[in-house]
Amino acid sequence: MSLTFLDEPRPITRPAGVRTLAFVCFGITLYLTANGLLIAFGVLSLASGAYLLGEYSTMGPVVFLIVSIAFVLLGFGLLRGWRWARRLAVIASGFLIAVTVVPISSAVIDTRVLAIFIHGTKIIGAIMAIRYLLQPEVVDYFTARTVPGST
């Protein structure tokens with residue numbers, strides 16, 4: 001690609017999947033916030049958040065609030081195209097895989113087909129998110145959005 005003196009810089013468009021990932025983060029935020037509030041008021045048990053937080057859900061409703069704040073920041077960062085948001089999304093997806101190992105192992109041992117399907121879907125979704133965030137055009141979008149003075 002050659003640039004001439006008269007070429008104007010084109011704005012970098014956000015890849016379609018980045019918006020989808022940001023909205024997933026906002027959805028997880030709503031779920032965890034509502035779940036944390038219901039746990040704090042004694043309506044739900046701590047185990048209700050185990051689907052997303054794994055065994056960390058037993059640490060109390062404060063963990064739900066902390067994780068929901070992290071997800072809203074992550075979603076906002078993804079929409080803004082901040083480099084750290086892409087890296088944090090990869091780490092969060094890896095964390096989701098890590099907390100899914102124990103439940104899926106238990107489901108396989110007990111031959112609970114529905115649990116295998118649910119936890120397997122979480123693992124597949126997390127791997128798809130990691131794979132997407134490592135695509136060259138997505139990396140280029142986040143790199144170009146954070147490099148100051150790149151004209």
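**Helix packing and side-chain contacts**

Helices H1 and H5 lie oblique to each other (the class left over when angles under 35 degrees count as roughly parallel, over 145 as roughly antiparallel and 65 to 115 as roughly perpendicular). The model is predicted, with local features requiring pLDDT of at least 70 and side-chain atom pairs pLDDT 80 or more, while totals for chains, interfaces and linings use all residues. Residues are numbered from 1 along each chain as its sequence is written, and side-chain values use heavy atoms, without hydrogens and water.

H1 spans residues 16–40 and H5 residues 113–133; their axes come within 11 Å and cross at roughly 140° (axes are lines fitted to C-alpha atoms, for helices over the stretch in contact, with angles from 0 to 180 degrees between N-to-C directions). The crossing of H1 and H5 is left-handed (the near helix is turned anticlockwise from the far one by less than a right angle). On the H1 side, Ala 16, Gly 17, Val 18 and Leu 21 meet Ala 129, Tyr 132 and Leu 133 of H5 (contact means heavy atoms within 4.5 Å).

Overall, the protein has six helices and zero strands (DSSP runs, H or I of at least four residues for helices and E of at least two for strands, numbered from the N terminus). Along the sequence the pattern is α-α-α-α-α-α. Of contacts between residues at least 6 apart in sequence, 62% join residues at least 24 apart. Of the 151 residues, 32% count as buried (under 20% relative accessible area, with exposed over 50% and partly exposed in between, for a 1.4 Å probe and protein chains only).

Four aromatic pairs are counted (ring centres of Phe, Tyr and Trp, the last by its six-membered ring, within 6.5 Å; planes under 30 degrees apart are stacked, over 60 edge-to-face and the rest tilted). One of them joins Tyr 141 and Phe 142 edge-to-face, at 5.2 Å centre to centre and 75° between the planes. Tyr 141 is buried at 3% relative accessibility, and Phe 142 is buried at 0%. Phe 76, Trp 82 and Trp 84 make up one aromatic cluster.

The structure contains one salt bridge (a side-chain nitrogen of Lys or Arg within 4 Å of a carboxyl oxygen of Asp or Glu). This salt bridge links the side chains of Asp 110 and Arg 112, with an N to O distance of 3.7 Å. Asp 110 is partly exposed, its relative accessible area being 45%; Arg 112 is likewise partly exposed, at 37%.
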